[in-house]
Amino acid sequence: MKNSSIYKFSTLFKTQYANMLEYRAEIALWAISGVIPFFMLNIWTNNGLNESINISNVMLSRYFLSAFFVRQFSVVWVVFTFEEDALLGRVSPYIIQPLHPFIRYFAQHIAEQITRFPFALFIAIFFFIFNPQSLWIPSFLTIIISLVSIFFSFLIQFLMQSIIASFCFWTEKASSIEKLLFIPTLFLSGLLAPVSSFPPYVKSWIYLTPFPYLIDFPASILSGNQANITEGIFIQFLWIILFFTIFKKSWKAGTKKFTAMGL
Amino acid sequence: MRKNIIEVKDITKSFTISAKTPGIKGTLRHFFNRKTIEKKVVKNINFEINEGEIVGFLGANGAGKTTILKILCGLLYPSNGYISVAGSRPFERETSFLKKITLIMGQKQQLIWDIPPIDSFYLNASIYGIEKNEAIKRIKDLSEMLEIDSELYLPVRKLSLGQRMKAELLAALIHKPSILFLDEPTLGLDINAQANLRKFLQIYNKQTGATILLTSHYMKDITYLCKRVICIHEGYITYDGKLEKLLTKLSPNKDVSIICKSIKDIENLKKLNLEIKNINDNQITFTVNKLDFKNTLKEILNKFDIEDLHINEPPIDEVIGKILINKK
C-alpha cells in the first residue's frame with residue numbers, strides 16, 4: 001500500500017515534470033517576470049525609505065531577495081487551470097479516476113517549482129554580483145525552517161485558490177473571484193513592502209488575515225529579519241487546516257452540482 | 001444465468017438553465033433579472049443491464065443519452081431515483097467502483113498533450129495501483145491489439161486523430177475495467193479507423209467479458225456491436241430490446257424481385273396473394289413481411305423455376321433514422 005502510494009506520487013511528479021520541461025522557455029520568462037521585489041528594493045533604497053523603519057540597506061535587500069524566492073516557490077495558478085479544464089470538459093475524466101483531481105494540479109505546481117529553481121538561482125547570482133554586500137549564507141536550520149514556511153505559504157495559497165476553483169461548479173468564471181484577492185495579496189503579503197513598515201493600527205489587523213504569512217513571514221525568516229518563528233509556523237498551519245476543511249466541503253457540494261459541461 | 005451489473009430505477013435528472021432573449025434589451029434583462037428554467041433531461045427511466053452485454057443508446061441530439069452515461073459513470077448526481085452499477089452507487093465515486101469503470105469520449109482526451117502517450121499510460125497505471133511490470137505487460141498487450149507501437153513515443157499533439165483515439169483507448173483500458181462507457185467513440189474517425197475500433201471493442205468484450213454501453217450516431221457501430229439497444233426520446237425510454245426486433249418493428253417488410261423463366265410463372269405468382277409492387281415483362285417485385293419471408297420464399301422456390309432473385313431491405317441508417325427524425 002505504502003509502496004503503491006509512493007509509486008503513484010513519484011510517477012505523477014515525473015510525468016508533470018516531463019510536461020513542464022516542454023515549457024522551459026515559458027518558465028524562464030515566468031521566473032524573470034517575478035522580479036517585482038527587486039523593483040521595490042530599488043524604490044525603497046533610492047528614496048531612503050528604509051531609515052524610517054529602522055532596517056539597514058543590506059537587510060532590506062536580503063528581505064526583497066528572499067521575497068523573490070518565496071514568490072518563486074509559492075506562486076499558484078490552479079484556479080485558472082481548473083476553470084479552463086472544467087469549461088473544456090477535461091475535468092470529467094479526472095473526476096472518475098481514483099485520484100483527487102487537485103492532487104494532479106498540486107503535482108503540476110511542484111513540478112513547475114522544480115523546473116523554475118535553476119532560473120531563480122541564476123537571477124539570485126546576478127543579484128549578488130551587483131549587490132555583493134548583500135551576500136549571506138543562512139544557517140542550515142534557517143534554510144530548513146524557511147523551506148517549511150515557504151511550503152506552508154504555497155499550501156495556503158494553493159488551498160485558497162482551490163476553494164475559489166471549486167466555485168466553478170456554480171459559476172463558469174470563478175477566476176474573477178480570485179481577482180478580488182489579488183489586491184490584498186499584493187499589498188498585505190509583504191511583496192511591495194515588509195509588513196513591519198506598516199503603521200501599527202494596520203499591523204494589528206493585518207496579522208488576523210493569512211496574507212502576511214504568504215511572503216513577509218517566510219522572507220523574514222530566510223533573510224534573518226525579525227520573525228516569531230514558532231508562532232508564525234503555527235498560524236500558517238492553522239490557516240492550512242481551515243482552508244483544507246473549507247475546500248473539502250466546497251468540493252463535495254460542488255461535485256453534486258457538476259454538469260460535466262464541454263462534453 | 002448472468003447477473004445484472006447495472007440497475008436503474010426511476011432515474012430523473014434536471015438542470016437549471018438560464019435563458020436569454022436576443023438583442024441589447026434581452027442582454028440587459030439577462031444581466032439584471034436573470035430568468036432560469038428547470039429542464040428535465042432524463043425522465044423516470046428504468047432498465048437493467050447484464051454482465052458482458054453490449055448495449056447501444058439511440059436517440060437524437062439532446063435526447064438524454066450522454067446524460068444517462070454521465071449518471072451511470074458517476075459524473076452526475078441523479079435528481080431522483082435508484083441506481084446501482086457494479087454494486088455501487090456511482091455518484092459516491094468509491095475507489096473500488098472507479099477502478100471497475102472507464103469513460104471514453106470521442107474528441108475528448110485525457111492524454112497529456114505535450115508528452116508521449118507512454119508517459120500518460122504509466123501515470124494512469126500508477127493512479128489505478130498497477131505495478132510497473134504489470135503495466136509494461138498490459139501496455140504491450142493492448143498496443144498489440146490496437147496495432148500501435150512507435151506512435152507511443154511521439155508527443156500526443158503529433159499523432160493523427162485515429163492514432164490518438166487508439167492511445168486514448170489504451171489509456172482508458174489499462175486498468176482492465178469491467179464496464180466501459182463509450183460516448184461517440186468513433187466520432188471523426190475515417191472508415192478504416194472506425195472499423196478497427198469496432199473490431200477491437202468486440203474482441204475486448206469477448207476476451208474480458210466486459211459490459212459495454214455505447215452511444216453513437218454511426219449506425220455501423222450499433223449494428224456491429226450491439227444486440228440490444230435502448231432508444232431515448234426527450235428523456236424517456238421509447239424502446240428497450242433486441243436491435244433485430246426494433247428493425248423488424250420499424251421496417252417489417254422486405255422487397256423481393258424475381259425474374260421468372262416464363263410469363264406463365266408470373267401469372268401463377270400473382271395467384272399467391274402477394275403484395276405486388278410492380279410487374280415488368282417476366283420480372284415481378286413484391287413486398288413480404290419479414291415474419292412470413294422464409295415460408296413465402298420456400299414456397300416460391302419449390303413451385304417455380306426462377307431465373308434470378310433479389311432481396312432488398314431499406315438501409316439500416318434509414319430505418320434507425322426514423323427513430324431520430326420521426327421521434328418514434
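Predicted model: local features only at pLDDT ≥ 70, side-chain atom pairs only at ≥ 80, totals over all residues.
User: What share of chain A counts as buried?
Analyst: Of the 263 residues in chain A, 40% count as buried. As for contacts in chain A with a separation of 6 or more, 79% of them are accounted for by residues 24 or more positions apart.

User: Switching topic, how many residues of chain A are in contact with chain B?
Analyst: There are 22 residues of chain A in contact with 26 residues of chain B.

User: Which element gives the largest share on the chain A side?
Analyst: That is α1 of chain A, with 8 residues. The elements that give two or more residues to this side are α1 (2-21) and α6 (91-95) of chain A. Sorted by class, the side of chain A that touches chain B has 11 nonpolar, 8 polar and 3 charged residues.

User: Now chain B: in what order do the strands of its open sheet stand?
Analyst: The sheet has 6 strands in the order β5-β6-β7-β3-β8-β9, and their pairing is mixed.

User: Why is one side of β5 and of β9 left without a neighbour in the sheet?
Analyst: Strands β5 (101-105) and β9 (236-242) of chain B stand at the edges, and each has a single partner strand, so one side of each has no neighbour in the sheet. On average, neighbouring strands of this sheet are turned by 15° against each other, with direction ignored.

User: Do β3 and β8 of chain B pair in the parallel or the antiparallel sense, and over how many bridges?
Analyst: Strand β3 (residues 54-58) and strand β8 (residues 228-233) of chain B pair in the parallel sense, over 4 bridges. If you want a place to look, B:Gly56 stands opposite B:Val229 in β8(B).

User: Which strands does helix α2 of chain B lie across?
Analyst: Helix α2 (residues 65-72) lies across β3, β6 (179-183), β7 (211-215) and β8 of chain B, and this helix runs at about 150° to β7(B).

How values were computed. Residues numbered from 1 in each chain as written. Chains lettered and ligands numbered in written order. Pairing = 2+ DSSP bridges. Axes fitted to C-alpha atoms, helices over the stretch in contact; angles between N-to-C directions. Contact = placed C-beta atoms within 7 Å. Nonpolar A, V, L, I, M, F, W, Y, C, P; charged D, E, K, R; others polar. Buried ≥ 20, exposed ≤ 12 C-beta atoms within 10 Å, placed from the backbone.
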